[in-house]
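Good morning, colleagues. Please look at the sequence and the structure that I am about to show.

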Amino acid sequence: KDTGIEWIATDEAILHKSLQFGTGGEPGRFSTATLYKPYRLIRKGKRTAIFFRDHRLSDRIGFDYSSRPPDDAITEFVGHLGRIRDGLPDDAQYVVPVILDGENAWEFFPKNGSEFLTGLYSALMKAEFIEPTTPGEYIEKYPKITILERLASGSWINGNFSTWIGAPEKNRAWEELIRAHNAYSGTVSLLDDKAVKAAYEQLMVAEGSDWFWWFGDSNFTTDIEEFDMLFRLRLKAVYKNLDLPAPETLDEPIYSDNPIREPLRPPLELFTPCLDGRSTDYYEWAVAGLYEPSGFLGAMHGRSENREVQRLYFGFDTKNLYIRIDTKRPSRNILAKNESIAVEFHGKRRFRYVLTPGIEGPIALFQEYHEELCDWQNIQSGARFADDDVVEMAIPFKSLGAKAGAKREFFAYIFSGNKLIERFPSCGYLITDIPGDDFDLIQWTV
């Protein structure tokens, strides 16, 4: 408010979090009418208006409509606004904030979005139930705004900060930055203006969010080693301008070349799922390990929701490894369009279980890689699968040549012919234990 900013905007996920508990600790109410209005935050007598964007409509423009005919996209957009209006009461004026996440959306549209934008604005002006407006115009015309007592923290990516903090690499980068910031604060009064200005400039560059975006395995870039080096050089420059020795830790890469990707949840206990290719019962896989990268794979169209494989579950009983692959499209549609789904295991002997399209449905092949032939060879395994909405697999441990107490590295991927379409994780491997009969006694939970 001190800067003259009258309103700010963020994602609807933050509003959900803000209203989850009221000041009395009771769950807040959330309805259609709750989202489509601004709120006002009052702190120390100063007021700021906040708009919470419609996540679905905003992302439709930012990420989906560029691949569709403009007329179809416009019809869907206006139709969705109509459905929103039909679900709202008539006792107030409502606003639907549409704010793109991604500053370069138009370069992905034909003709830089000119046809889509022209058609969209025309359709909005013609619709009797829509009045295009800006946030500033809206709060000026309708100054009576609901007070928001609690504003939850988080970015509008998943409503939290996981894109920038939490992973070991991200946290170490923050620790190095904080150390440099403390060095700056402790010596700035002893330096001349030129040195202070130079150190401050390097410190501000190092505080840019993109450094922390790329550390960790939630977002992938082939340039991570260069990003790592440049970040550490910026921090070294802070110390140099402060006439202080840089910590030796800045000579050590922050990026880890450890190929193992940590799951959100490891397998908790032995279990035996029913292989039906459907996610019908949450509790069936509730004790399985879960890998689901947070954040985006990259900027703009590299988003996680544009990734085909969304998450992977894995777990076991004493005889089989069970893997479930959740995809954006139903897995049956992937396997019906000349695309194959595979899980590959690394080690002294490499194996993979492949589901590939067939005339009467998917064909399952268990294969071992032969170095001499530089090719995969089919072998017997006893592995089983089911595919419908998701892919579920049961792979006997004996087929992998794995004994109790050992570990196996693996990853999933989608391919067509010799072309890799998507790898999951995007780099590195997941790792699973080969359990013994005493697994539940060792890995007990409360």
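Is threonine 10 buried or exposed? Before I answer, please note that this is a predicted model. Threonine 10 lies in strand β1, which spans residues 7-11. Its relative accessible area is 14%, and buried means under 20%, so threonine 10 counts as buried. Beyond its neighbours within four places in sequence, threonine 10 is in contact with Phe51, Phe52, Arg53 and Trp156.

Let me turn to the nonpolar cores. The largest has 31 residues. Within this core, Leu312, Ile323, Ile325 and Met393 have the most contacts. At least two residues each come from β6 (309-316), β7 (320-327), α11 (331-335), β8 (340-346), β9 (351-356), β13 (391-396) and β14. The most is given by β6, with 4 residues.

Which residues does isoleucine 325 touch, if we do not count those up to four places away in sequence? They are Val309, Arg311, Leu312, Ile341, Val343, Val390, Val391, Met393 and Ala412. There is also a second, separate core, with 27 residues; Leu15, Tyr39, Leu57 and Ala73 are among them.

Finally, I come to a hairpin, formed by β14 and β15. Strand β14 covers residues 407-416 and strand β15 covers residues 419-424. The two run antiparallel and are joined by 5 bridges. Tyrosine 413 stands opposite arginine 423 in β15. Between the strands are 2 residues, and glycine 417 in the turn has a positive phi of about 65 degrees.

Key: Residues are numbered from 1 along each chain as its sequence is written. This is a predicted model: local features need pLDDT of at least 70, side-chain atom pairs count only at pLDDT 80 or more; totals for chains, interfaces and linings use all residues. Side-chain values use heavy atoms; hydrogens and water are left out. Two strands pair if DSSP finds at least two bridges between them. A nonpolar core is a set of buried Ala, Val, Leu, Ile, Met, Phe, Trp, Tyr and Cys residues joined through side-chain atoms within 4.5 Å. Buried means under 20% relative accessible area, exposed over 50%, partly exposed in between (1.4 Å probe, protein chains only). Contact means heavy atoms within 4.5 Å.
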